[in-house]
Structure formats: C-alpha cells, structure tokens
Amino acid sequence: MFGQDRDSLRRAYTEAWQRHRDGLPLDAQQQRIADVVALHPEYQAFVLTPDALAQDFDGSDGRTNPFLHMGLHIAIHEQLATGLPPEAAQAHQRLARRLGDAHAAEHRLIDCLAQTLWQAQRDGRAPDMDAYREALRRL
C-alpha cells in the first residue's frame, strides 16, 4: 500500500484520519483508511497521538497492533471490492446475514487472512491462497 516503511504507513493513517476529522477532501486510499478508522473508535485518538508512529507491538503485552488490525480490514475491503478471491465475498455475505453485523463478519475473514499470512511468514514462503480460500469456505 505504501511500501515497506512502517512510519510512512502509520503516517498515512494519521493523515487520513486527521483530514477526515477536519472535513478535508480525501483521495480514494485516504477514504478507505478513514472508513476503517471510523469503524474503530478505540483507535481513533491513538492514531493521532505523536508517539503512535514509534510504538512497537510485539504481542508480549497482549495488546493488538491497531495498524496491523486496520490494515487487515483494508485488505478485506479490497478483496470484497475486487471480488478476489470470490470466497471472501461469499463468506462475508453469509456471515453478515448470520451475525447481523458486517464488521463482525469482517473480523471472521480477518482471522483467516491473518492465519494465512502468519503461516507464510513463519515458513518463509508465499501465502497459500488455496488454504486461504478453503478457510473462507469453512466459515
């Protein structure tokens, strides 16, 4: 989305959310970010704090990395918008109906995506898209 620079990525969240709060125009990517931040009131003040860019989230303290979490939401939004993989949209529709909450449905898809990415990183290989699609079908 913004390259490999963690600070640039995090600044994009800060800038998009600040522009949204200020009522300024947003480009398409900024709008996607602002939409996701809007879904997460628990992160809204955090992304605007000066030390947010420098914080590390290694999981040792049990805290969720808000940037990772919101980035996974953006990835799911992209999958739903493009229809790729088709299993994502199918699972999201099914779950949103069953749960009565599109955001909760996204979280279930995020669990599958995060697991797929974690396994790929652990094994030093590309994500197994067949396994990801199967996990989505099982939801």
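A residue counts as exposed when its relative accessible area is over 50%, as buried when that area is under 20%, and as partly exposed in between. The model discussed here is predicted.

Q: Why is Asp56 called exposed?
A: The relative accessibility of Asp56 is 55%. The limit for exposed is over 50%, so Asp56 is exposed.

Q: What makes the contact between Arg6 and Asp56 a salt bridge?
A: The closest N and O atoms of Arg6 and Asp56 are 2.6 Å apart. A salt bridge requires a side-chain nitrogen of Lys or Arg within 4 Å of a carboxyl oxygen of Asp or Glu, and the pair therefore qualifies. Arg6 lies in helix H1 (residues 6–21) and Asp56 in the loop between helix H3 (41–44) and helix H4 (66–82), so the bridge links distant parts of the chain, 50 residues apart. Arg6 itself is partly exposed, at 34% relative accessibility.

Q: How many salt bridges does a search of the whole structure find?
A: The search finds 10 salt bridges. Among them is the pair of Glu78 and Arg32, with the closest N and O atoms 2.7 Å apart. This pair also links distant parts of the chain, with Glu78 in helix H4 and Arg32 in helix H2 (residues 28–38), 46 residues apart.

Q: Why are Glu78 and Arg32 called partly exposed?
A: Glu78 has a relative accessible area of 30%, and Arg32 has 29% relative accessibility.

Q: What makes H4 and H6 roughly perpendicular to each other?
A: H4 and helix H6 (residues 102–123) pack at an angle of about 100°, with their axes 9 Å apart. Angles of 65 to 115 degrees count as roughly perpendicular, so the description applies to H4 and H6. Residues of H4 including Leu72, Ile76 and Gln79 meet residues of H6 including Glu106, Leu109 and Leu113. The residues of this contact divide into eight nonpolar, six polar and one charged.

Q: Which residues have the most contacts inside the largest nonpolar core?
A: This core has 16 residues, and those with the most contacts inside it are Tyr13, Ile33, Val37, Phe46, Val47, Phe67 and Met70. H1, H2 and H4 each supply at least two of the core residues. Apart from this core lies another, of 15 residues, including Ala105 and Leu109.

Q: With which residues is Phe67 in contact, leaving aside its neighbours within four places in sequence?
A: Phe67 is in contact with Arg10, Tyr13, Phe46, Val47 and Ala52.

Q: Where is Pro85 found, and what kind of peptide bond joins Leu84 and Pro85?
A: Pro85 is in the loop between H4 and H5. The bond joining Leu84 and Pro85 is cis, with omega at about -5°.

Notes
Residues are numbered from 1 along each chain as its sequence is written. This is a predicted model: local features need pLDDT of at least 70, side-chain atom pairs count only at pLDDT 80 or more; totals for chains, interfaces and linings use all residues. Side-chain values use heavy atoms; hydrogens and water are left out. Helices (H or I, at least four residues) and strands (E, at least two) are DSSP runs, numbered from the N terminus. Buried means under 20% relative accessible area, exposed over 50%, partly exposed in between (1.4 Å probe, protein chains only). Axes are lines fitted to C-alpha atoms, for helices over the stretch in contact, and angles run from 0 to 180 degrees between N-to-C directions. Angles under 35 degrees count as roughly parallel, over 145 as roughly antiparallel, 65 to 115 as roughly perpendicular and the rest as oblique. Contact means heavy atoms within 4.5 Å. Ala, Val, Leu, Ile, Met, Phe, Trp, Tyr, Cys and Pro count as nonpolar, Asp, Glu, Lys and Arg as charged, and the others, Gly among them, as polar. A nonpolar core is a set of buried Ala, Val, Leu, Ile, Met, Phe, Trp, Tyr and Cys residues joined through side-chain atoms within 4.5 Å.
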